Amino acid sequence: MPFDDVVTMVFLNSKGRQEDVPNELTQFLRYVENSTWENAVTEDLKKLHKMVGLVKHDEEVEIRYMKFWEEREKIRREALEGGRIVELCR
């Protein structure tokens, strides 16, 4: 799917089964699937885990996320009501 920007989209499947996946990617996907300290097996994943922990416990981030989520839901509801989108999954 081509876009007129410089963004590269990569789709990762943490449930996939493929033999030639680099070990670091496998470790990252395992961490994404279950973000525990035990799955943070590399230094990079340990740093990531610490940052995730800080963000999860930051009240300002929580408030901003909730405001974002509420605004997104408002836009979605308005689009549904206006017939601009069709809800496929309920």
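Predicted model: local features only at pLDDT ≥ 70, side-chain atom pairs only at ≥ 80, totals over all residues.

1. Residues are numbered from 1 along each chain as its sequence is written, and side-chain values use heavy atoms, with hydrogens and water left out.

2. The protein has 3 helices and 0 strands, where helices (H or I, at least four residues) and strands (E, at least two) are DSSP runs numbered from the N terminus. Along the sequence the pattern reads α-α-α.

3. The radius of gyration, taken over C-alpha atoms, is 18 Å, well over the 12 Å that the globule rule gives for 90 residues, so the protein is more spread out than a compact globule. That rule is 2.2 Å times the number of residues to the power 0.38.

4. Buried residues make up 10% of the 90 residues; buried means under 20% relative accessible area (1.4 Å probe, protein chains only).

5. The axes of helix α1 (residues 23-33) and helix α2 (residues 43-56) come within 11 Å and cross at roughly 20°. These axes are lines fitted to C-alpha atoms over the stretch in contact, with angles from 0 to 180 degrees between N-to-C directions. The two helices are therefore roughly parallel to each other, a term for angles under 35 degrees.

6. Which residues make the contact of α1 with α2? Q27, F28 and Y31 of α1 meet L45, L48, H49 and V52 of α2, contact meaning heavy atoms within 4.5 Å.

Note on methods. Parallel < 35°, antiparallel > 145°, perpendicular 65-115°, else oblique. Buried < 20%, exposed > 50% of the residue type's maximum accessible area, 1.4 Å probe, protein only.
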